[in-house]
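Visitor: I'm new to this one. Can you walk me through some of the packing?
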Amino acid sequence: MQFQNITIIGAGYVGTSLAALLGQKLNITLVDIDNEKIKQIKLNRSPIQDSLIQEYLDLGKTSFKGTPDLANLYGKTDLYILALPTDYDPDKNYFETSILENISRKIVDNDFDVPILIKSTVPVGFTDELKENLSSNNIIFSPEFLREGDALQDNLNPSRIVIGENSNMGKSIGELLTSFTSNHPKCFYMTAKEAESVKLFSNAYLALRVSYFNELDSYAMKFGLNTKNVIKAVSADPRIGDGYNNPSFGYGGYCLPKDSKQLLANYSSIPQNIISAIVDANASRKDAIVKDIMRQEPGCIGIYRLIMKVSSDNMRMSSIQGVMKRLKAKGLKIIIFEPLI
């Protein structure tokens with residue numbers, strides 16, 4: 001199966017980094033309803049903050065078009081890639097997947113034979129259910145494992161590629177993604193449910209790592225220990241390593257909080273202790289931070305940046321916001337420095 005004209009829907013960090021990756025050799029159109037993002041694309045500017053994407057655009061290593069109109073691409077596309085947001089709905093204990101369902105239905109209604117690759121994070125079982133509801137076997141799920149701000153770098157050198165389809169079409173997509181990598185990653189072919197599980201368990205484990213070292217830091221603050229000294233010595237064990245060991249206000253960003261909660265919801269009838277502890281630990285960490293701040297009896301709190309991490313422009317789910325809400329509830333004055341506002 002040959003892919004030459006690819007439509008990517010969603011100009012967030014997943015969709016834009018894929019556009020930059022595949023745009024090195026293929027004809028890529030990035031679709032988004034945000035007119036400001038489309039304007040930036042037309043000016044040869046990256047619509048997200050990622051220095052490598054902008055470097056590739058400036059040097060002419062990649063190119064892609066932008067449009068808000070999906071309908072114009074029907075009949076002109078060999079592969080649709082959906083990189084749309086799936087926020088977690090706490091009332092439903094479920095990802096909000098309606099935008100994925102609506103876009104998929106439009107594509108199937110207008111381009112029935114064209115495969116759809118879902119890169120959005122979804123609940124376990126979503127892809128099979130969507131295929132059944134739309135009477136289509138051309139829908140494939142493949143999780144992404146990207147860092148905001150370094151998404152193109154991670155696409156060029158992925159830790160692995162996971163395809164939730166063990167068929168000729170699935171292998172064609174796996175070969176497509178692998179052909180653009182620099183490090184020859186292992187490609188795993190499995191069922192859609194298994195691939196959906198890989199994504200949730202991977203992010204839950206990263207959240208676990210963050211929570212573990214945050215609680216180590218809370219302990220160190222309580223007893224006057226040098227956190228860095230303790231972490232360096234603990235992480236020197238190669239079985240532990242030094243990834244995700246930098247204490248913070250809690251795990252934040254777009255993926256870890258919602259993916260951990262979705263995984264916990266999937267455990268509704270399964271005995272577990274660790275998954276719920278990962279979710280609860282994020283709130284406990286913020287409580288510990290605020291308690292330590294209040295011991296100093298401040299009159300005014302200065303907040304430096306609202307972004308979730310360095311080299312990111314995402315403020316929606318930054319962990320500092322949970323700390324701010326707790327401080328505000330105690331009547332403290334808060335001053336914020338954030339150039340992106």
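**A walk through the packing**

Guide: Let's start with one residue. Thr16 is buried, because its relative accessible area is 0%. Keep in mind that this is a predicted model.

Visitor: Which helix is Thr16 found in?
Guide: Thr16 belongs to helix α1, residues 13-22.

Visitor: And what does Thr16 touch?
Guide: Leaving out residues up to four places away in sequence, Thr16 touches Gly10, Ala11, Leu30, Ser46, Pro47, Ile48, Ile53 and Phe64.

Visitor: New topic. Which residues are buried in helix α5?
Guide: Helix α5 covers residues 126-134. Its buried residues are Phe126, Thr127, Leu130, Lys131 and Leu134.

Visitor: What covers the buried residues of α5?
Guide: The cover includes two helices, α4 (98-110) and α8 (192-223). It also includes the strands β7 (116-118) and β8 (139-141).

Visitor: What about just after α5?
Guide: Ser135 sits there, with a positive phi of about 50°.

Visitor: You mentioned α8. At what angle do α8 and α11 pack?
Guide: The angle is about 30°, and the axes are 9 Å apart. α8 and α11 are therefore roughly parallel to each other. α8 passes α11 in a left-handed crossing.

Visitor: Which residues in α8 and α11 meet?
Guide: From α8 come Ala204, Ala207, Leu208, Ser211, Asn214, Glu215, Asp217, Ser218 and Met221. They meet Ile278, Ala281, Arg285, Ala288, Ile289 and Asp292 in α11.

Visitor: How do the residues of that contact of α8 with α11 divide?
Guide: Eight are nonpolar, three polar and four charged.

Visitor: Now α10. How do α10 and α11 pack?
Guide: Helix α10 (residues 256-266) packs on helix α11 (residues 274-294) at an angle of about 145°. Their axes are 9 Å apart.

Visitor: Which way does α10 pass α11, left-handed or right-handed?
Guide: The crossing of α10 past α11 is left-handed.

Visitor: Which residues make the contact?
Guide: On the α10 side, Ser260, Lys261, Leu263 and Leu264. On the α11 side, Ile275, Ser276, Ile278 and Val279.

Visitor: And by class, what does the contact of α10 with α11 have?
Guide: Five nonpolar residues, two polar and one charged.

Terms used:
Residues are numbered from 1 along each chain as its sequence is written. This is a predicted model: local features need pLDDT of at least 70, side-chain atom pairs count only at pLDDT 80 or more; totals for chains, interfaces and linings use all residues. Side-chain values use heavy atoms; hydrogens and water are left out. Axes are lines fitted to C-alpha atoms, for helices over the stretch in contact, and angles run from 0 to 180 degrees between N-to-C directions. Helices (H or I, at least four residues) and strands (E, at least two) are DSSP runs, numbered from the N terminus. A crossing is left-handed if the near helix is turned anticlockwise from the far one by less than a right angle, and right-handed if clockwise. Contact means heavy atoms within 4.5 Å. Ala, Val, Leu, Ile, Met, Phe, Trp, Tyr, Cys and Pro count as nonpolar, Asp, Glu, Lys and Arg as charged, and the others, Gly among them, as polar. Buried means under 20% relative accessible area, exposed over 50%, partly exposed in between (1.4 Å probe, protein chains only). Angles under 35 degrees count as roughly parallel, over 145 as roughly antiparallel, 65 to 115 as roughly perpendicular and the rest as oblique.
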